[in-house]
Structure formats: C-alpha cells, structure tokens
Amino acid sequence: TGSGKTLAFGLAMLTRLAAPAGRTALRAPKAPRALILVPTRELARQVTDVLRPLGNPVGVSVTAVYGGAPIGRQIDRLQRGVDIVVATPGRLIDLMERHACTLGAIEITVLDEADHMADLGFLPAVTQILDATPAGGQRMLFSATLDRDVERLVTRYLTSPALHAVAPASEPG
C-alpha cells in the first residue's frame, strides 16, 4: 500500500482546490468540494493521512468519513465545512440520509479501487452517490480490473474516458 496513486490524483486535486495566495477558501457547511470514494476505512485513513499534511499549507481541508468511527464527530466536521471528503460508501450514504452532507458542490470525484467496491457489493451505493454529484464535475476512476460492473460505471459516469493500462510483466526467458 503505497501513496503513489494517491499523490497522482491528490496533488492535482489539491492544486485545483487551493485558495488563491493571501485568501482563505470559502467552505460551505455540509457541502464538500471534492469526494474520494474508497472501499474500506483503512484506505480512507491512508488517503487522508497522505493528503491532509499537503492540503493544510495551501488552505485545503481533508477529512475522512467511514463506519466504525463516531458519526457525531464526522457530522460536526462536515458542519464546520471541508474541502475534500474521503469516504466509504455506506457511511457517506448514512450522512446524506441524515442531511449532514450534500454533494451538490462537488467539483471533483475520485473512485479509488472501483473493482474492490464492486466485489464488496457497494455498486448500488456508489451509483446513488455519483447520481448526487453534479454531472459536469471532473470524475476519475481507478481500478485494477475493468470487469462488467466497473465498465458500467465508466460508461455511465465518465465523459471521454482515457484508459491507462499496465501490461503484465513478461515471463523470464
């Protein structure tokens, strides 16, 4: 579990959301500007731990929301306003149903490990979440495989997707 992929999308996200020099970012309560959807709380913590120290100096706040942690603290953090939410699907749906989080201001959405989310049965929640984000926003999807379920996400939610694949290592001769 490295941070290379997180930095690849995260640095661009932080740059786009950074407040202009000398200004403070305007954060609306309950309305993050970017969403990183991940399958597990461990990955949510890892992504947050990588991005938070990089976001602080440029005025971009990052918080994680996932099951198994006190929901009251997560609701409070969202109420105070955050720029980037790193979330697991189930907890984010729970927060949306409680009206503690709205996705109408999302500019950038990242689906990290989309294949793992599909394997865990999260696709109905993922589609509900994506349907709640503005259609014109930037969307990125990362997946180790492009099976039927992930392909449906690509077709339905990505505009002019660019596919980057890593060829399997060749066998030694």
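Visitor: In which loop is the place of Ala18?

Guide: The model is a predicted one. Helix H1 covers residues 4-17 and strand S1 covers residues 34-37. Ala18 has its place in the loop between H1 and S1.

Visitor: Does Ala18 count as buried or as partly exposed, and why?

Guide: Buried requires under 20% relative accessible area, and exposed requires over 50%. Ala18 has 25% relative accessibility, and therefore counts as partly exposed.

Visitor: Which residues does Ala18 touch, not counting residues up to four places away in sequence?

Guide: The criterion is heavy atoms within 4.5 Å. With residues up to four places away in sequence not counted, Ala18 touches Val58 and Val60.

Visitor: What distance separates the C-alpha atoms of Ala18 and Ser61?

Guide: Ser61 lies in the loop between helix H2 (41-55) and strand S2 (62-65). Along the chain, Ala18 and Ser61 are 43 residues apart. The separation of their C-alpha atoms is 9.5 Å.

Visitor: Is Ser61 buried or exposed, and why?

Guide: The cut-off for a buried residue is under 20% relative accessible area. Because the relative accessibility of Ser61 is 8%, Ser61 counts as buried.

Visitor: Which side chain does a polar contact join to that of Ser61?

Guide: Leaving aside neighbours within four places in sequence, the residues in contact with Ser61 are Arg27, Arg77, Gly81, Val82, Asp83 and Ile84. A polar contact of 3.1 Å joins the side chain of Ser61 to that of Arg27.

Visitor: Against which elements do the buried residues of H2 pack?

Guide: H2 has 15 residues and reaches 20 Å from its first C-alpha to its last, close to the 21 Å expected at 1.5 Å a residue. Its buried residues are Leu43, Ala44, Val47, Thr48, Val50, Leu51 and Gly55. They pack against helix H1, S1, S2 and strand S3 (84-87).

Visitor: Which residues of strand S4 (residues 108-111) point one way, and which the other way?

Guide: In a regular strand, side chains alternate between the two faces of the sheet. All four residues named for S4 are buried. Ile108 and Val110 point one way, and the other way point Thr109 and Leu111.

Visitor: Which residue in S5 is the bridge partner of Thr109?

Guide: S4 pairs with S1 in the parallel sense over four bridges, and Ile36 stands opposite Val110. Four bridges also join S4 to strand S5 (residues 138-141), and these two run parallel. In S5, Thr109 has as its bridge partner Arg139.

Note on methods:
Residues numbered from 1 in each chain as written. Predicted model: local features only at pLDDT ≥ 70, side-chain atom pairs only at ≥ 80, totals over all residues. Heavy atoms only, no water. Buried < 20%, exposed > 50% of the residue type's maximum accessible area, 1.4 Å probe, protein only. Pairing = 2+ DSSP bridges. Polar contact = N/O pair within 3.5 Å; in protein donor to acceptor, adjacent residues only side chain to side chain. Expected span 1.5 Å × (residues − 1).
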